[in-house]
Amino acid sequence: LDEYMQDKSFVLQLGVWGLRGVTRVILANNPLSGALILVALYWASPWQGLLGTLGILVSTLTAVIMGQDSAEVSGGLHGFNGMLVSLLIGVFSSTGDWYWWLLLPVCLGSATCVFLFSGLSSVLDRWDLPVAVFPFNIIIILYLLCTGQDNPYFPHHAATPPGALELNGTKLIATEVIRGIPLGVGQIFACGALGPSLLILGAVLLYSPLLAVHALLGSAIGTLAGLSMAVRHDSLYLGLSGFNGALGCMAIGGLFFAISWKTHLLAIASAFLSAYADIALSNLLGTVGLPACSWAATLTATLMLLLTGSLAAYRIPIGQVRAP
Amino acid sequence: LDEYMQDKSFVLQLGVWGLRGVTRVILANNPLSGALILVALYWASPWQGLLGTLGILVSTLTAVIMGQDSAEVSGGLHGFNGMLVSLLIGVFSSTGDWYWWLLLPVCLGSATCVFLFSGLSSVLDRWDLPVAVFPFNIIIILYLLCTGQDNPYFPHHAATPPGALELNGTKLIATEVIRGIPLGVGQIFACGALGPSLLILGAVLLYSPLLAVHALLGSAIGTLAGLSMAVRHDSLYLGLSGFNGALGCMAIGGLFFAISWKTHLLAIASAFLSAYADIALSNLLGTVGLPACSWAATLTATLMLLLTGSLAAYRIPIGQVRAP
Amino acid sequence: LDEYMQDKSFVLQLGVWGLRGVTRVILANNPLSGALILVALYWASPWQGLLGTLGILVSTLTAVIMGQDSAEVSGGLHGFNGMLVSLLIGVFSSTGDWYWWLLLPVCLGSATCVFLFSGLSSVLDRWDLPVAVFPFNIIIILYLLCTGQDNPYFPHHAATPPGALELNGTKLIATEVIRGIPLGVGQIFACGALGPSLLILGAVLLYSPLLAVHALLGSAIGTLAGLSMAVRHDSLYLGLSGFNGALGCMAIGGLFFAISWKTHLLAIASAFLSAYADIALSNLLGTVGLPACSWAATLTATLMLLLTGSLAAYRIPIGQVRAP
């Protein structure tokens, strides 16, 4: 490590790579938006902000040490999975904030993401598919399974499936549901407070208004899908029903396809499919106390990228994906 | 849609594509057999027949709108997954027949099959593998997971694993077991009545006697495998033990391989493997109340198509698969 | 079969192929080591030795009959999966030794391994990946699911997840934990006795000292990982925590990569990842009473072989893998 640190500008570069990585979570690529999102995370919870920062630095450094492709590293591609793993390890931990032992699994998990990213890219490259957040989804499930809920060192909460019956059947509050829509965008970073969620939405808007519109649209569609399946009220209020829809909608409508009314319709279909698949997977994984994370949106977006037929003509090759 | 409807012959064409799609379920490709099978389904239950018809029309129309390859559409390749999804949504629903809200998930599920078919074909084409009924198996599992058993809008029955203990240990009735063999062919269309099952078998016979022989043989092998594992009596009586064996046997013995005594033995091995894998998967998925559908037969047939060695010489490339 | 048996030397050849197959389990390839390991297995339990021998012969013969590539057969590649399936069917059976009906599933399971090996190799060849013990892991899970714990013909024990709480919290005994490290090498063959485990380690040492060092190192790392997650004491004492680490470490450190200090570090990382993934998968599969077998090590080693970046330069193509 020291040999790199000699170069003073390396620390600065690492910072930029990290900030790019922060925005990669939300399918953007812009250090300024990244800084805004980081501010939002520290605002919501300083401990979570710290974990996220650590995760992104550890995984980017691991990628440098392992000699990964330097264009990928400087584009932030090796940071976002580590960041998400760290944030979710923090959110699910039942030991409260500032439990310093948690830094151990955070560092290990973030570093492992680089291995998975590199290995999976060899497989997915054959179909010109992005690795996306597959490493994050795999690592967080393995971590939660590994520790279990009653682990003496790293205990964690069990995830409640959205289809679980509610004991006291209260009425649904419409304003709370609507409030859940912007929260759905924040939940992409496991952030459940309204202010920071709006700031994150602002960061997306700064990068690309088209992406921001699709994020809100997708979150609204996800909430609609949740309503149609009568999921738990909490799930709607906290934006947990919306974030998979948002991701599925953004990936198709703002990133991997050239925009037109056809791809806009495809983005809406993708949001619905992501949202319903998320309810299904959450119910399945919830039987063993696991969350479904963003499996649904990742799988749906991958499926959409594989589509043949006339829609495939609108697809942008991975190497040429740019901000719209 | 309207622009297509202007052409009067389009409705007729759609009908033929749909009927071809009906026979694709049972690995055949013949509008006449399709009409016979549809009659059998309406005979068994008009509501199920209606759902099946709707499913096949919706998914075929979706494929047309999405601009899928026209040769595939007219061959009925985009219809059979939607049909199966519709039939199984109907069978598992616990709201009884003529519950019109069910048409909503039926239409959505059928349309989604086209996305999965198109996406999976991009992946499986690399190994010259057919997409087969993978989309159906994925969608039905997601639908059942999504709604859950106590859903207020779309409740459904839980599937009972075949290994579940029976409380009152009654003796096995040999005639009922033998009756289960032709029922196994009907169960491919989720049809549990003897008359319609025999009509379906007749439709297969009309298309290819070889296929019909392998269907019965496979169902018998599946029943035998069920007996050797002491599955629930119901599972044997209703033909649920047999239909995966039948599908596994038909795919190898009558469709994807040139027939010879070697491939005939392979078909028998495939039937056994399909049947045992079905018991295993049913026991696994049964722990969360899900059915194993035709996962076992689909995976087994895919495995057999991947075989290397001297047997691979008998394999017929997917593009040249014809009625034997 | 008879046409082969005419050639007297065929039986001898089959023996050599079988002995090579025995060593393939532990990533070696040497008939002499194979004979030593077989002696160790018969020493630990004659019944288990018999099952293992039967498994390896049945699957090798099946490969010959199915016309698999003769270089693969004579290299023992078609024997080791069948052997492992047979050994684990024996270990999990709750009917005690010398229950002759068990030979039926042993023969069927071993033969099926050849189908899976052949089919999976078509898929994995695209990335120059070895099939490794995927067939064993799939077949044993299917067998255990198929029979279930209360099967009247083939009952079996349920696997206890390593994260299960212990009722009487006794103190950890250090010498027992250290004793678990060599046992971890024996557990690769499902053997839990110290003497035979040391003999197996000796057989690896005979083939390649480097491989033996990595086996012990990996087992120690696996035990360390188990300690850090506070797994059940039994799991540590019996070497069950160590064997996935050992396999993951051997595959990278002694077989698929040219040795250097970089690949040595990668082997250590692989051992940790295998061990933690094993705890995670054991906890997951343990909820339905299934063991995780060597899924973790197999998946981890496959991942490592897919790595891109500067480490990929050390990778040895599958066709040129030799004893170091």
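How many residue pairs are in polar contact between chain C and chain A? The count is 9 residue pairs, both at pLDDT 80 or more; a polar contact is a pair of N or O atoms within 3.5 Å, where within protein one must be able to donate a hydrogen and the other to accept it, and residues adjacent in sequence count only if both atoms are side-chain atoms.

This is a predicted model, in which local features need pLDDT of at least 70 and side-chain atom pairs count only at pLDDT 80 or more, while totals for chains, interfaces and linings use all residues. Residues are numbered from 1 along each chain as its sequence is written, chains are lettered from A and ligands numbered from 1 in the order in which they are written, and side-chain values use heavy atoms, with hydrogens and water left out.

**First stop: chains C and A**

Select chain C together with chain A. Here 25 residues of chain C are in contact with 23 residues of chain A, contact meaning heavy atoms within 4.5 Å. The two chains bury about 2,000 Å² between them, 71% of it on carbon and sulfur atoms; buried area is the accessible area (1.4 Å probe) that two parts lose on being put together, summed over both. Between chain C and chain A there are 0 salt bridges, a salt bridge being a side-chain nitrogen of Lys or Arg within 4 Å of a carboxyl oxygen of Asp or Glu.

Next, select helices H11 (209-228), H14 (261-286) and H15 (295-306) of chain C, the elements that give two or more residues to the side touching chain A. Helices are DSSP runs (H or I, at least four residues), numbered from the N terminus. H14(C) gives the most to this side, with 9 residues. By class, the side of chain C that touches chain A has 18 nonpolar, 6 polar and 1 charged residues. Ala, Val, Leu, Ile, Met, Phe, Trp, Tyr, Cys and Pro count as nonpolar, Asp, Glu, Lys and Arg as charged, and the others, Gly among them, as polar.

**Second stop: chains B and C**

Now select chain B and chain C. Their contact takes 26 residues from chain B and 23 residues from chain C, and 0 salt bridges are counted between them. H11 (209-228), H14 (261-286) and H15 (295-305) of chain B give two or more residues to the side that touches chain C. H14(B) gives the most to that side, with 10 residues.

How are the copies arranged? Chain B can be laid on chain C with an RMSD of 0.0 Å by a turn of 120° and a shift of 0.0 Å along the axis, and the two copies are thus related as by a three-fold rotation axis. Copies are superposed by least squares on the C-alpha atoms of residues with pLDDT of at least 70 in both.

A search of the whole structure finds 3 salt bridges over all chains. Select Asp128(A) and Arg315(A), which form one with their closest N and O atoms 3.7 Å apart. Asp128(A) is in the loop between H7 (103-124) and H8 (134-147), and Arg315(A) is in the segment after H15 (295-306), 187 residues apart. Asp128(A) counts as partly exposed at 32% relative accessibility, whereas Arg315(A), at 18%, counts as buried. Buried means under 20% relative accessible area, exposed over 50%, and partly exposed in between (1.4 Å probe, protein chains only).

**Last stop: chains B and C again**

Select Asp128(B) and Arg315(B), whose side chains meet in a salt bridge (3.7 Å, N to O). Finally, select Arg315(C) and Asp128(C), which form a salt bridge with closest N and O atoms 3.7 Å apart.
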